[in-house]
Every structure is written in C-alpha cells, then in structure tokens.
Amino acid sequence: MNIVIVGATGAVGREMIECLKDFPLDKLRLVASSRSVGKKIGELVCEEISEKIFEESDIALFSAGSELSKEWRERVVAADCLMIDNSSAFRYDDDVPLVVPEINASAARNHKGVIANPNCTTAIAAVVLWPLHKAFALKKVIISTYQATSGAGAAGMNELLDQTEIALNGGEASCEVFDHAIPFNVIPHIDKFQENGYTKEEMKVAWETAKIFGTEIPLSCTAVRIPTLRAHCESIVIECEKVVSVEAAKEVLEAAEGVKLVELPMPINATGEYDVEVGRIRRNLVFGENGLEFFLCGDQLLKGAALNAVQIA
C-alpha cells in the first residue's frame, strides 16, 4: 500500500511517520509546505503537494489544517485516494464517518472517499467511556480536561519552553499561540466561545462523542490548557442507568482495547504510549451506586491524533 502524509513536518505528521513503521507499506511519501520542500525526515524527502502524488497513493493522511483539507478534498477523492483527515473540516458532515477504531471501525468502510479523525480530547475519552457505556449504559457524563500545549502543535510546545525560560530568568512571559501566558498558569479557554457559554473545544467533545457512539448521551465539558508539553488528562464523572461498582468497572476496563488500568494516570507516564491510562476509579458521592469518577491520561499526538489515523488506515 502506498501512503502519503500531508503536513509531515508538523508534530502530528512526524508521529504518523513513527506509527507507520509496522504498517504494511510499499511506499511512504511526505508532503510539506513550500518552505519545507526538499527537507529530509530520516531518509525521506518532503515533496510539494500535487494531484500526481494522490494518483500514485492509496491513502492520504492529512494533518495540515482544515483549509488545506477542504481545498484538496475533491482532487484527492477523484484520484481514488482515501483521505483520512485529522482536522475538524469534515467531522460533522453526514457523509463522512468519524471513527475511533476500538468503537466504530465498521463505520470506516462506509466512506465516500473521506474519513475523519476525531478531536484529540474526544478520542482519548471515548476509548474509556465506550466499554463502560456498553456494560453499564451511560446516562450522564461530565468532563474536565487538563490539556497539554501539544494540542496547539509544535508551536504551542515551543511557546511553553521559550516563555518558561524567560519567566525563570525574571522576564515577563508573552503569548502568541495561546491567548494568555502559559508558564505557571492554567487557561480555562480553548477555541472560540459559543453562544451557550461553552467553547468550541468543549462542544466538540459532546458533538463528536454522540456521532461516534451513534447515540446522544448528555455530556458537559470544561476544557483547560495547562503548562505541560504532551499528553492530555481528563477528570470524568459518569452516571449510569445500571448499578456500577468500582470492581466491575475495573474488570471492564482491564479487558478494553486501547486502555491501560493504572493507579495514577500522569502525562509523564502516558507520553509516547499508545494506550490511554485510566485510574483513580471511585464511586461518585453525588450519583451513588449508579455513579463513578475517574481520571485518565492519553498522548494527544498519538491516540489523540496520529495513532488513531493510522489505526483507521
């Protein structure tokens, strides 16, 4: 199979290259912006985007932003090349499957030339919520996120490193990627505010979970940016239709694909790992015997982006 990565020099694109190392490839090609054409990543040279590349490829993994995905969609599909898109461009289109392979892999086969990758926060939560939903029937879900700077790509991570150094040396940290200074701070604002007071990042989790699960479950999310480099964390409270014990939930999660049960999920351990770590499982004091509370952590660049796209492929 011939695969091309569009946006290969970005943080997610580079992780896609790594995730493809065990993939049955005949040829891998890399596409990057004009300023990176000719640049080498390992033994591969970055090329300029063209219709010919897609005509010679079976699958195109896009991670270069919504605008480029929209611009090239028709030409990629016309070239009989499957587009797996990591942006938000097509996630809510009725004719585009939104896929987390551990949950709705069969939906991918109903594509019309394009398959969408979910938002990173959604994907990380979904692999944990889905087995619990199957076992205990989720009734309500409340999520608070602790999202790493990797959610804003390499530029976000670089801003954290650069501005932390400035702050440590007595300077005043500034911001370009984020709306506020990120060193030694938490920012309860990711993406644009919506009319209902939630941000788009928060609403994405509700919209996308419903599409992936194939059912509407009342879900509320508060998304917060924190000064870590990589791996998002989420604190989740669930109320179930059925009675659920901590022991029963652990048994379900231990058997779940893509999930690793641990005592303390933390970014320092989850970084670079394919599985989503989940722990701190306890009975919720509000919902009683029908409620649970737990904490999870997953690598935003892997299960939240690159890995999920390669799994779809």
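Predicted model: local features only at pLDDT ≥ 70, side-chain atom pairs only at ≥ 80, totals over all residues.
Residues are numbered from 1 along each chain as its sequence is written, and side-chain values use heavy atoms, with hydrogens and water left out.

**Whole chain.** I looked up the secondary structure and found 10 helices and 13 strands in the protein chain (DSSP runs numbered from the N terminus: H or I of at least four residues for helices, E of at least two for strands). The radius of gyration is 20 Å, close to the 20 Å of the globule rule for 313 residues, so the protein chain is as compact as a globular protein of that length (C-alpha atoms; the rule is 2.2 Å times the number of residues to the power 0.38). The C-alpha trace spans about 60 × 55 × 40 Å along its principal axes.

I then checked contacts (heavy atoms within 4.5 Å). Among those between residues at least 6 apart in sequence, 64% join residues at least 24 apart.

For charge, I have 30 positive and 46 negative side chains, with the centres of the two sets 2 Å apart. Lys and Arg count as positive, Asp and Glu as negative, and His and the chain ends are not counted; each charge is placed at NZ of Lys, CZ of Arg, CG of Asp or CD of Glu.

**Helix α10.** I looked at residues 302-312: 10 of the 11 are buried, so α10 is largely enclosed by the rest of the structure. The buried residues include L302, L307, V310 and I312, and also K303 and N308.

**A206.** I found A206 in helix α7 (residues 200-213). A206 counts as buried because its relative accessibility is 18%. Its C-alpha atom is separated by 24 Å from that of G156, 50 residues apart along the chain.

**Strand β9.** In residues 219-222, I see L219 and C221 on the covered face and S220 and T222 on the uncovered one. β9 pairs with β8 (residues 138-146) in the parallel sense over four bridges (pairing needs at least two DSSP bridges). C221 of β9 is the bridge partner of I143.

**S36.** I placed S36 in the loop between β2 (27-31) and β3 (40-41). S36 is buried, at 11% relative accessible area. Leaving out residues up to four places away in sequence, S36 touches T9 and C46.

Conventions: Buried < 20%, exposed > 50% of the residue type's maximum accessible area, 1.4 Å probe, protein only.
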